[in-house]
Amino acid sequence: MKTGTISRELMLIDGEWTEAVSKEFFQIESPAKRGSVIAEVPKANAADVDIAVNVANKAFKSWKKIPARERGILLWKISDAIEEQFEDLARTIATETGNALYTQAKGEVKGAADVIRYFGGVAGELKGETMPVDNNLFAYTQREPYGVVGGIIPWNSPFQLAALKIAPAIAAGNTIVLKAAEDAPLAVLKLAKICSEYLPAGVVNILTGFGEECGLPLAKHPLVKKLTFTGSTQTGRIIMHEAADRIIPISLELGGKSPQIVYPDADSDKVIKNVISAMRFARQGQSCSAGSRLYLHKSIYDSFLEKLIGNLKLLKVGDPLDENNDIGCIINEKQFNKVCNYIEEGINHKDTELLLGGLPPKDGPFSEGYYLEPTVFASPHDDLRIAKEEIFGPVLIVIPWEDEKEVIEMANRSDYGLAAYIWTNDTTRAMRTANQLESGWVQINRGAGMLTGHSYGGFKQSGIGREYSLEGMIDSFTQTKSIMVDFDE
C-alpha cells in the first residue's frame, strides 16, 4: 500500500490515549483511492478489552450516582463541541467511509449532535411508577442502569451510530466500552476525544480492532452486563449466542431488504426523488434501511421507470470530498467485490434486464477507487437472489404488480423486516397497507432517514429492540427494580 505521511492514532481507555497491549497497529485505507493509507490505529485484542471493561466497571460505581440531569448537561456540552468541529468531523467521515461530504457526511455529523442532545434532554425522564395497593403498603418501581455496556458498530455510518450507542447508555447511568468498525474508526476516535474532555475517566472507552480479536472478547467478557450491536445479521447471530450463554440483555439492529410499494396515483416527480432517497443511493446503498425492492404498479410502470432512470442519471459519482458530487464510493475492496458479484449475477440472469449502471469501468478515474454507479434491474418476479439478499450496494430491483394483496405478500416474503415505504395519495389505502407490512419502520410518502425521538428497529431477522427514542433508552439501557414498603405497625 502507498503510505506517504499518515497519522498514528490511539485508543481511549480510562481517559488516557493508549496503544494496544500488543503494540500492534493496523492501517486504514481511503476507499476513494486504492492502496492509499490515511492512518494507523491500535490493533486491540482480548487483553485490551479486559483492561477497558474493568476500567468501565470501576467508573460505573460513581457515574451511576451522578444525578441524571447532570449527566444530561454533560451530553449537551458534547453535542455543542461536535457542532464546533463540524467541518473537520464531516471531512474525516467522508475520507474514511467514502460517503459523499455534501449529501452524507455533513448530515451524519448533524444527526449525531442531534442524537446526543436529545438523550441529554430526556436523561431526567428515567422515572419509575407507583402502584396503588392499600393505605399501609407502598409499592413503587425505579429504573436502574445495568453497568458496563459493550457496544459494537459498523462502518457505514460510524459517527452517528457511535453517538447512538454512547448517548443513551451513559445518559441512563451506564458506562460503555465501544468497539469502532475496523474500516472506519477515525471519526469515532475524534468523538472519543470530545467525550474525554467532558466526562469522567472510564465512562466512555473506545477500542479499535477486528471482530474475532476484539469484538468477540468484548461480547464474552463477564463484566459486560448489556450488549448493543449494529451490523450484519450473520454477525448478530454470533453476538446473540454470546449474550445467551451469559443470559444478559441484547439489542440488535441488523440487516434489511426493504420494500417500496408504488401505487398508480404516485407517478410524480416528488415520489421519484423520494424513492431515490429511500434506496439510499447517495450512500451507495450502504444502509440497512435501503428500499432496494421497488414494487411498481403495472399501470404506471413504463412512465415511472423512465423518470426514475432520468433522475438517477443526473446524480454525480466521484471523489467523496468534492461537494459537487452526490455519491461517493464503496467502503472497501471486499464489499466492492461482493456488490460486483451480485451485479454480475443480475446481468447474467435470464429473468432480469439491466436498465442502468452495471459493472464498474476497469480504467479511468473511477477505477482508482471503489466506485459504482446506481444500478437498476427489472424482473417480472422477486424470486431472485438479488431480490432476496441484502446487497449493501447501489443496486435496485424493480418488480411489477397489479393486485394489492399479492404485492403485500411479496413485500412480506422476506427474512428481514426493518423498513418499508408506501407511495400513494390515498390515506386509507396507505394506512391499510402499513398495518399489514411486517416491518418495524414504515414510511408513507417519505423516503428520508430516521427522526430522533421516534423509535426505530426491525422485525424478524432485522433485529431486537428499539433505538433513537426515550422508550428505546429505557427499555434497552435500564432495568426495573420493584420496591415494596409495609407501613402497618
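1. A salt bridge is counted here when a side-chain nitrogen of Lys or Arg lies within 4 Å of a carboxyl oxygen of Asp or Glu, and on that criterion the structure holds 25 salt bridges. This is a predicted model, in which local features need pLDDT of at least 70 and side-chain atom pairs count only at pLDDT 80 or more, while totals for chains, interfaces and linings use all residues. Residues are numbered from 1 along each chain as its sequence is written, and side-chain values use heavy atoms, with hydrogens and water left out.

2. One of the salt bridges joins Glu 467 to Lys 165, with the closest N and O atoms 2.8 Å apart. Because Glu 467 lies in the loop between strand E22 (463-464) and helix H15 (470-477), and Lys 165 in helix H5 (residues 158-171), the pair ties together parts that are 302 residues apart in sequence. Helices (H or I, at least four residues) and strands (E, at least two) are DSSP runs, numbered from the N terminus. Glu 467 has a relative accessibility of 10% and therefore counts as buried, and Lys 165 is likewise buried, with a relative accessible area of 1%. The class limits are under 20% relative accessible area for buried, over 50% for exposed, and partly exposed in between (1.4 Å probe, protein chains only).

3. A second pair to inspect is Arg 432 with Glu 404, whose side chains meet in a salt bridge at 2.9 Å, N to O. This pair links distant parts of the chain, with Arg 432 in helix H14 (residues 427-436) and Glu 404 in helix H13 (residues 404-412), 28 residues apart. Arg 432 counts as partly exposed, at 38% relative accessibility.

4. The side chains of Glu 19 and Lys 23 also meet in a salt bridge, at 3.5 Å from N to O. Here Glu 19 is partly exposed, with a relative accessible area of 30%, whereas Lys 23 is exposed, with a relative accessible area of 55%. Elsewhere, Asp 80, Glu 83 and Arg 117 are linked in a network of salt bridges.

5. Two polar contacts deserve a separate remark, the term being used for a pair of N or O atoms within 3.5 Å, where within protein one must be able to donate a hydrogen and the other to accept it, and where residues adjacent in sequence count only if both atoms are side-chain atoms. The side chain of Glu 40 makes such a contact with the side chain of Arg 8, at 2.8 Å; Glu 40 belongs to strand E5 (residues 37-42) and counts as buried at 17% relative accessibility. In the other case, a polar atom of the side chain of Thr 233 lies 3.1 Å from the backbone oxygen of Gln 461. Thr 233 is part of helix H8 (residues 233-246) and is buried, with a relative accessible area of 8%.

6. Asp 14, which is not a glycine, has a positive phi of about 60 degrees; Asp 14 is found in the loop between strand E2 (11-13) and strand E3 (16-18) and is partly exposed, with a relative accessible area of 35%. Lys 460 has a positive phi near 50 degrees, lies in strand E21 (residues 459-460), and counts as partly exposed at 37% relative accessibility.

7. As for the surface, patches are made of residues with over 30% relative accessible area and no salt bridge, like charges being joined within 9 Å and nonpolar side chains (Val, Leu, Ile, Met, Phe, Trp, Tyr) within 5 Å. Asp 134, Asp 486, Asp 488 and Glu 489 form a negative patch; among them, Asp 134 is found in strand E6 (residues 130-134) and counts as partly exposed at 45% relative accessibility. A nonpolar patch of about 230 Å² is made by Ile 347, Leu 354 and Leu 359, and accessible areas come from the Shrake-Rupley method with a 1.4 Å probe. Ile 347 lies in helix H11 (residues 333-348) and is partly exposed, with a relative accessible area of 36%.

8. Finally, Ile 309 lies in helix H10 (residues 301-313) and is buried, with a relative accessible area of 11%. Ile 309 and Ile 276 are 33 residues apart in sequence and 10.0 Å apart in space, C-alpha to C-alpha.

Terms used. Lys and Arg count as positive and Asp and Glu as negative; His and the chain ends are not counted. The place of a charge is taken as NZ of Lys, CZ of Arg, CG of Asp or CD of Glu.
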